[in-house]
Amino acid sequence: QFLSLCAPLTQEHPEVLPFLSSRHLRAHPDFRGSAEFRNILGRLLRRVRGRRRKVYVYINELCTVLKARALRRRLPLRAPRPPSAHHDPSAQSQHPNASSNDPNAPSRSSSASSQCPSAPSQCSSTSSHRPSAPSHPSPGSPPLSPRRAGGSRRQIRHLEHLLRVYAAEIRRLQERELDLAELDSADSPYLQENRLKRRMMRIFRRLCQLKECSELTGRVLEQRIRFRGTRYPEVNRSIERFINRPDAFPDYSDILREIRGASARHGLGLGRRQMQDMAQEAFREVGNRLQERRHLDLVYNFGSHLTDEYRPG
């Protein structure tokens, strides 16, 4: 139903819907049949019907949800191989007939002891250095399974319920009428809303840990900026790491410091004037990229449920 609704709206970009279908197939089967996924689809369907111009934004949001619930290949945990008696070549060379895996080992050991009756101390000392074979578990015992790192379904349901309760309370605070006296209050609706949103973020992070999924929400601010503004890959990597830090908005001195550090670490031999010119060009490009990203994030996330249905005449 969601694909049939988006098909006539995405005719200019026909590759979008096949990509969405592939994301849907990669998602976990339990999540695809869950009530949570149906609720997300229903909410996005209502949004697409109400605001058809933002269909790509809602498709991107659905792709992000499916990507967070995608199946991941897990390597089986294998127990370390125990050391065996065959790893000691000196012991084998001295006692080739003393094998613990041979059913005739007792008879051979007795014959070996009869061959050296005159030197019992040497035989006992040699056998004391021989490693003993470790005890293996019986074939009927169940293998040890690794402990599951995620949380129980009861914990997950509790946290999801808290998110719904906080979301309803935030909605109620946003719809509440305010007067001038409440604006100066230490417990104004704005401050209550801010506290609830902070709690929701903490619950969301904990929920992602229990579900073992990513915390990315698909916002533009979470997308990594690729910087290729100079002809030195070492400088580009240093600047790229710096500008992709959380809440980073560097100035000219920060860019110049990164260029100097990369030149010193990798021995690029850049001159002072060359680094200053390079820092000016890189700073202009970085500033434009960061400003564009913040602007797109504001465009995609600006608004309120109180004004979503408003259509100016």
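Student: In which segment is L306 found?
Tutor: L306 is found in the segment after helix 14 (272–301). Helices (H or I, at least four residues) and strands (E, at least two) are DSSP runs, numbered from the N terminus. The model is a predicted one, in which local features need pLDDT of at least 70 and side-chain atom pairs count only at pLDDT 80 or more, while totals for chains, interfaces and linings use all residues. Residues are numbered from 1 along each chain as its sequence is written, and side-chain values use heavy atoms, with hydrogens and water left out.

Student: Which residues is L306 in contact with, leaving aside its neighbours within four places in sequence?
Tutor: Contact means heavy atoms within 4.5 Å. On that criterion, with neighbours within four places in sequence left aside, L306 is in contact with Q174 and E175. The C-alpha atoms of L306 and R171 are separated by 9.2 Å, although the two residues are 135 residues apart along the chain.

Student: Why does L306 count as partly exposed?
Tutor: Buried means under 20% relative accessible area, exposed over 50%, and partly exposed in between, with a 1.4 Å probe and protein chains only. L306 counts as partly exposed because its relative accessibility is 47%.

Student: How many helices and strands does the protein chain have?
Tutor: The secondary structure comes to 14 helices and zero strands. Of the 313 residues in the protein chain, 27% are buried. Among contacts with a separation of 6 or more, 65% are between residues 24 or more positions apart.

Student: What span does helix 5 reach from its first C-alpha to its last?
Tutor: The expected span of a helix is 1.5 Å times one less than its number of residues. Helix 5 (residues 55–68) has 14 residues and reaches 20 Å, close to the 20 Å expected. Its buried residues are V55, Y58, I59, L62, C63, T64, V65, L66 and A68. Their cover includes helix 1 (2–6), helix 2 (16–26), helix 3 (29–32) and helix 4 (35–50).

Student: At what angle do helix 2 and helix 5 pack?
Tutor: Two packed helices are described by the angle between their axes and the distance between the axes. Axes are lines fitted to C-alpha atoms, for helices over the stretch in contact, and angles run from 0 to 180 degrees between N-to-C directions. Angles under 35 degrees count as roughly parallel, over 145 as roughly antiparallel, 65 to 115 as roughly perpendicular and the rest as oblique. For helix 2 and helix 5, the angle is about 25° and the axes are 9 Å apart. The two helices are therefore roughly parallel to each other.
A crossing is left-handed if the near helix is turned anticlockwise from the far one by less than a right angle, and right-handed if clockwise. Helix 2 passes helix 5 in a left-handed crossing. Helix 2 contributes V16, L17, F19, L20, R23 and H24 to the contact, and helix 5 contributes Y56, I59, L62, C63, L66 and K67. These residues divide into nine nonpolar, one polar and two charged. Here Ala, Val, Leu, Ile, Met, Phe, Trp, Tyr, Cys and Pro count as nonpolar, Asp, Glu, Lys and Arg as charged, and the others, Gly among them, as polar.

Student: Where does L216 lie?
Tutor: L216 lies in the loop between helix 11 and helix 12. Apart from its neighbours within four places in sequence, L216 is in contact with T64 and E222.

Student: What is the phi of E212?
Tutor: Phi of E212 is near 55°, a positive value in a residue other than glycine. E212 has its place in the loop between helix 11 (189–211) and helix 12 (233–243).
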